[in-house]
Amino acid sequence: AARPDVTSAGQACAFAFVYILCSLSVKMMVNMAFGTKPPAGADDGVGTLIEAPQSQKMLKNFGVDAEDVKEARKAVGFG
């Protein structure tokens, strides 16, 4: 079995980002296909993460206004 060569932190972070995106989209597709609803509190998906106090602080540190994120989610139909 060949092992992939991850030689930098950038590669590892990129892999983690792609992995998370894929796992979220697969969960969504399975829920849509089987008509199951997520548990209470998780029905907002990533929106639930954005509402968390830690996420609010991180957004502020990055210079992103949380209200702008909420407005953008509403504009694309996620809020």
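Reading the predicted model

Across this predicted model, the mean pLDDT of the protein is 75, and 78% of the residues score at least 70.

User: Which elements have the lowest and the highest mean pLDDT?

Analyst: H2 has the lowest, at 67, and helix H3 (residues 53-61) has the highest, at 82.

User: What percentage of the residues is buried?

Analyst: Of the 79 residues in the protein, 9% are buried. The protein exposes about 6900 Å², and 66% of that area comes from carbon and sulfur atoms.

User: What makes Phe-15 and Tyr-19 an aromatic pair, and why is the pair called stacked?

Analyst: The ring centres are 6.2 Å apart, and the limit for a pair is 6.5 Å. The planes stand at 25° to each other, and planes under 30 degrees apart count as stacked. The structure holds one aromatic pair.

User: Where do Phe-15 and Tyr-19 sit in relation to each other along helix H1?

Analyst: Phe-15 and Tyr-19 are four residues apart in helix H1 (residues 9-34), so about one helical turn separates them. An α-helix has 3.6 residues a turn, so residues three or four places apart point the same way.

User: Are Phe-15 and Tyr-19 buried or exposed, and how do you know?

Analyst: A residue is exposed when its relative accessible area is over 50%. Phe-15 has 59%, so Phe-15 counts as exposed. Tyr-19 has 54%, so Tyr-19 is exposed as well.

User: Which residues of helix H4 are buried, and why are they said to be on the same side?

Analyst: In H4 (residues 66-75), the buried residues are Ala-66, Val-69 and Arg-73. They cover an arc of only 55° around the axis, so they lie on the same side of H4. The face turned away from that buried side carries the exposed residues Glu-71, Lys-74 and Ala-75. After H4 comes Gly-77, with a positive phi near 90°.

User: What is Glu-51 in contact with, beyond its neighbours within four places in sequence?

Analyst: Glu-51, found in helix H2 (residues 46-51), is in contact with Gln-56 and Lys-70. Contact here means heavy atoms within 4.5 Å. Glu-51 and Lys-70 are 19 residues apart in sequence, and their C-alpha atoms are 9.3 Å apart.

User: Why is Glu-51 called partly exposed?

Analyst: Its relative accessible area is 42%. That value lies between the limits of 20% and 50%, so Glu-51 is partly exposed.

How values were computed: Residues numbered from 1 in each chain as written. Predicted model: local features only at pLDDT ≥ 70, side-chain atom pairs only at ≥ 80, totals over all residues. Heavy atoms only, no water. Buried < 20%, exposed > 50% of the residue type's maximum accessible area, 1.4 Å probe, protein only. Helix = DSSP H or I, 4+ residues; strand = E, 2+ residues; numbered from the N terminus. Arc of directions from axis to C-beta. Phe/Tyr/Trp six-rings, centres within 6.5 Å; stacked < 30°, edge-to-face > 60°. Areas by Shrake-Rupley, 256 points an atom, 1.4 Å probe, with all protein chains shown as cover. pLDDT = per-residue confidence, 0-100.
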